[in-house]
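Here's a quick briefing to read alongside the model. Have a look at the fold first, then work through the points below.

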Amino acid sequence: MARVLYGVMGNTFGHVSRALAVARRLPEHEFHFVGGGRVPEVLRGLYPVLEVPVARTVYKKQRAYVLGTCGHLARCVMNRPRVRREILDLIDRWRPDIAICDREFFLPHAVHKVGLRMFSLDHSHVLQVCRYKVPASQAVSWSLSRIEDFLFFDHTRHNLVTSFFHPELKGHGQNELLPPVLRPAVREIQPRQGDYVFIYQSTPTFGALIDVARQLQRPAIVYGYRNEKAIEGNLTFKPFDPRTILEDLAGSAYAVANAGHNLICEALYFGKPLLCFPVAINFEQFINAWYVRELGYGDFSASFQPTLAMFADFESRLDGYRRKIRETFVDGTEIVTNRVRDLIRNPGARKDG
């Protein structure tokens, strides 16, 4: 048995659910988590957790809020000495054998101080370790993402990147591309072919989308726009619930969402085509949406003005999208778990070693 110190960004449910899925499949090892936001909320009672601030991107009106993000990250940097001492105290008491980082800001600084072996397990490193095209319209978004990663999150040299798309890896570093990880609850639900549209928005400000959804000739279930249950015409608004949201996704005709990697992968597992509206000035969401289109899993729009014609065109292609998803999407939960198990047992092992 090994002791694993696991740092997880807690700004969204996706990072936490990935970490929990991996830890639960490795019961032979002992885990202690470091993170804030949703990390204590989800993991406390299951595993010990050291709560720390969350270094994250701030959003406002369907776009990354650059000034707000800079101010937030600056406060995290000011807190770094204090938080690092807390993590170092934990390391001194608990004596972990290895560390894993899922886009958590503070853990790598403490780990490097004591020379503890560490690797990352996330999707975000796809921007750093892979080759891909950057459209001219996304040059600013890409630059800001790379600057943020370089300054705050590029502190691991061995990176396991879980992703539903696999661009070419750059020819340096110890980096591996693996299929995505799904939380156990996803596998417990049987997908069905319903008639309604599943809509999920990470911010409650995309009113133009709701206006178009009201005009659709089919019902829609909406998450993220209101934190209460309400029925208005063909729209049913629901508050977030981790189980109910999966059941509604699994029974839909297709999904409309931003372009968060976790929800995209859950929709693809259930065989649901995606119409994505990536948050502006967030290049990770843009590239996720780009590959949804590139792989034939759905489509995307960078416009904040959706139209009925856009939905009609998308719906005319649903059968083709569903066929592509069935033929090519891979659930990588077991693959990733086995690779993590290998690295815990032998931290220096390469994939082919």
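Arg-103 sits in the loop that links S4 to helix H4 (107-114). In this predicted model, Arg-103 takes a positive phi of about 55° despite not being a glycine. Arg-103 counts as buried because its relative accessibility is 12%, and the cut-off for buried is under 20%.

**Another positive phi**
- Arg-95 is also a residue other than glycine with a positive phi, in this case near 60°.
- You'll find Arg-95 in the loop between helix H3 (66-94) and strand S4 (98-102).
- Is Arg-95 buried or exposed? Arg-95 comes out at 56% relative accessibility, so it counts as exposed, the cut-off there being over 50%.

**Helix H9 and its cover**
- Helix H9 spans residues 242-250, and its buried residues are Ile-245, Leu-246, Asp-248, Leu-249 and Ala-250.
- An α-helix has 3.6 residues a turn, so residues three or four places apart point the same way.
- Helices among the elements covering the buried part of H9 include H7 (184-187) and H10 (261-269).
- Strands also contribute to that cover, including S8 (197-200), S9 (220-223), S11 (235-238) and S12 (254-257).

**The protein overall**
- The protein has 353 residues, and 57% of them count as buried.
- Looking at contacts with a separation of 6 or more, 64% are between residues 24 or more positions apart.
- The accessible surface is about 15500 Å², with 51% of it belonging to carbon and sulfur atoms.

Methods. Residues numbered from 1 in each chain as written. Predicted model: local features only at pLDDT ≥ 70, side-chain atom pairs only at ≥ 80, totals over all residues. Heavy atoms only, no water. Buried < 20%, exposed > 50% of the residue type's maximum accessible area, 1.4 Å probe, protein only. Helix = DSSP H or I, 4+ residues; strand = E, 2+ residues; numbered from the N terminus. Contact = heavy atoms within 4.5 Å. Areas by Shrake-Rupley, 256 points an atom, 1.4 Å probe, with all protein chains shown as cover.
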